[in-house]
Amino acid sequence: MKLPIYLDYHSTTPVDPEVFKTMAPYFTEVFGNAASRNHEYGWTAEAAVEHARLQVAQLIGATDKEIIFTSGATESNNLALLGVAEMYAEKGNHIITSPIEHKAILDTCAHLERKGYEITYLEVDQYGMVSPESVRDAITDKTILVSIMMANNEIGTINPMAEIGKVCKEKGVLFHTDAVQGVGKIEVDVQKMGIDLLSLTAHKIYGPKGVGALYVRRKNPRVRVSAMVHGGGHERGMRSGTLNVPGIVGLGKAAEMARKNLNTDIPRIKALRDRLWDGIRSQLDEVYLNGHPTERLPINLNVSFAYVEGESLMMGMKELAVSSGSACTSASLEPSYVLKAIGVGEDLAHTSIRYSLGKFTTEEEVDYAIEKTVSTVRKLRDLSPLYEMAKEGIDLKTVAWTGH
Ligand SMILES: *Cc1c(COP(=O)(O)O)cnc(C)c1O
């Protein structure tokens, strides 16, 4: 067993060896520019790109012509939001999203706000879920786009995509989703879910970093986005630039594998995730699950450990490559904006750990992670006067603190 144990598959995944093998020739022998129309080198590269386009389309129930290759989901999200905002500016200036989206959505929305667009950030419930009714209520005659993530990258909550899609269709408003954490983990179908634009990235599904895609619907309705990168008219004019052929080949292969292995990999990972949670909660009291109990990604476990100090917890479990609920900013330790938005108090937010599992996670690793977590939390609680007082039945809220 290799230490530290990688339990951070939400952040990135290793390239699957089979994906790597498929990509390799496209760095050396098959190096043509997919836009070179005059010779064999170009044609071969183009054929590989078009094959990958189909592989990606099939993962989400789209057609190949609806896939635009990008440098990753950050760019896909930017292209969706900025491209729709510019293209449909005459129709309206209102966009609806949620406060717990990835920064690639939130920062892009903030940019649009500075440009005069109006953004509505819908409230989410205690599990981080967006209600279709709140989407309906927020739509005005100025609304041009609803952008709601398929599944949250911190707490794993899965949104009711089909229901939100239905509301958008009824109201004639475009529906974009950041589906980075959904694809490859749950079944995704842009038709059944009523999705008009969808962002995904290769490196979260065992493909390489720096390549992704944006799905742009071509029928019912035909969606158009203004280009953000100009120069040559690649990707049907929506995203210029010489295509990253090896990367795209890798994304295609990763997408194909994700689709084929969905029903075998995912139940196995989910069972390991459940084993991790059962192991932790059967041995420790005062541990709290963040995110939805059932509508959650099978790879995600986000837990707050009461009465321990967040930073000490992370330091005490260096053998586990996990992510914490605090984000180190330059000056202070800020609790996660996602946990804040679902009402997790600052103390609990600071002690939260996000475990995310993947297809290379083993039972042995999970058992080690349980043991490490339990022993570290116990050790820290043994040193905690607060935990001791709580155990003695003292209501900490009634204690008159001094020195604060
Ligand atoms: C990782 C991630 C992104 C960013 O994708 P990149 O390809 O790394 O730019 C966007 N949204 C979500 C939900 C993510 O988890």
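Predicted model: local features only at pLDDT ≥ 70, side-chain atom pairs only at ≥ 80, totals over all residues.
Residues are numbered from 1 along each chain as its sequence is written, and side-chain values use heavy atoms, with hydrogens and water left out. Local features need pLDDT of at least 70 and side-chain atom pairs count only at pLDDT 80 or more, while totals for chains, interfaces and linings use all residues.

Start at the ligand. The residues around the ligand include Gly72, Ala73, His102, Met149, Asn153 and His203; to be near a molecule, a residue must have a heavy atom within 4 Å of it. By class, this shell has three nonpolar, seven polar and two charged residues. Here Ala, Val, Leu, Ile, Met, Phe, Trp, Tyr, Cys and Pro count as nonpolar, Asp, Glu, Lys and Arg as charged, and the others, Gly among them, as polar. A polar side-chain atom of threonine 74 lies 2.6 Å from an oxygen atom of the ligand. An N or O atom in the side chain of aspartate 178 is 2.7 Å from a nitrogen atom of the ligand, and an N or O atom in the side chain of lysine 204 is 2.7 Å from an oxygen atom of the ligand. The ligand on its own has 390 Å² of accessible area, and the protein covers 87% of it; such areas come from the Shrake-Rupley method with a 1.4 Å probe, and for residues only the protein chains shown count as cover.

Next, look at threonine 97, which is found in strand β3 (residues 94-97). Helices (H or I, at least four residues) and strands (E, at least two) are DSSP runs, numbered from the N terminus. Threonine 97 counts as buried because its relative accessibility is 0%; buried means under 20% relative accessible area, exposed over 50%, and partly exposed in between (1.4 Å probe, protein chains only). A polar atom of its side chain lies 2.8 Å from the backbone oxygen of serine 147. Not counting residues up to four places away in sequence, threonine 97 touches several residues, including Ile105, Cys109 and Tyr121, where contact means heavy atoms within 4.5 Å.

Cysteine 109 is itself buried, because its relative accessible area is 0%. Which bonds do the cysteines make? The structure holds zero disulfides, a disulfide being a pair of cysteine sulfur atoms within 2.5 Å. For cysteine 109, the nearest cysteine sulfur is that of cysteine 168, 14 Å away. Cysteine 168 also counts as buried, at 0% relative accessibility.

Histidine 292 is found in the loop between β9 (287-289) and β10 (300-305). With a relative accessible area of 13%, histidine 292 is buried. A polar atom of its side chain lies 2.9 Å from the backbone nitrogen of glutamate 295. Leaving aside neighbours within four places in sequence, histidine 292 is in contact with Tyr127, Met129 and Thr157.

Last comes the backbone. Most residues other than glycine have a negative phi, and most peptide bonds are trans. The peptide bond from leucine 3 to proline 4 is cis, with omega near -10 degrees. A cis bond also joins asparagine 220 and proline 221, with omega about -10 degrees. Proline 221 is placed in the loop between β8 (212-216) and α7 (245-283). Glutamate 235 lies in the loop between β8 and α7 and has a positive phi of about 50 degrees. Arginine 236 has a positive phi of about 55 degrees. Glutamate 235 is buried, at 8% relative accessible area, whereas arginine 236 is partly exposed, at 39%.

Notes: Polar contact = N/O pair within 3.5 Å; in protein donor to acceptor, adjacent residues only side chain to side chain.
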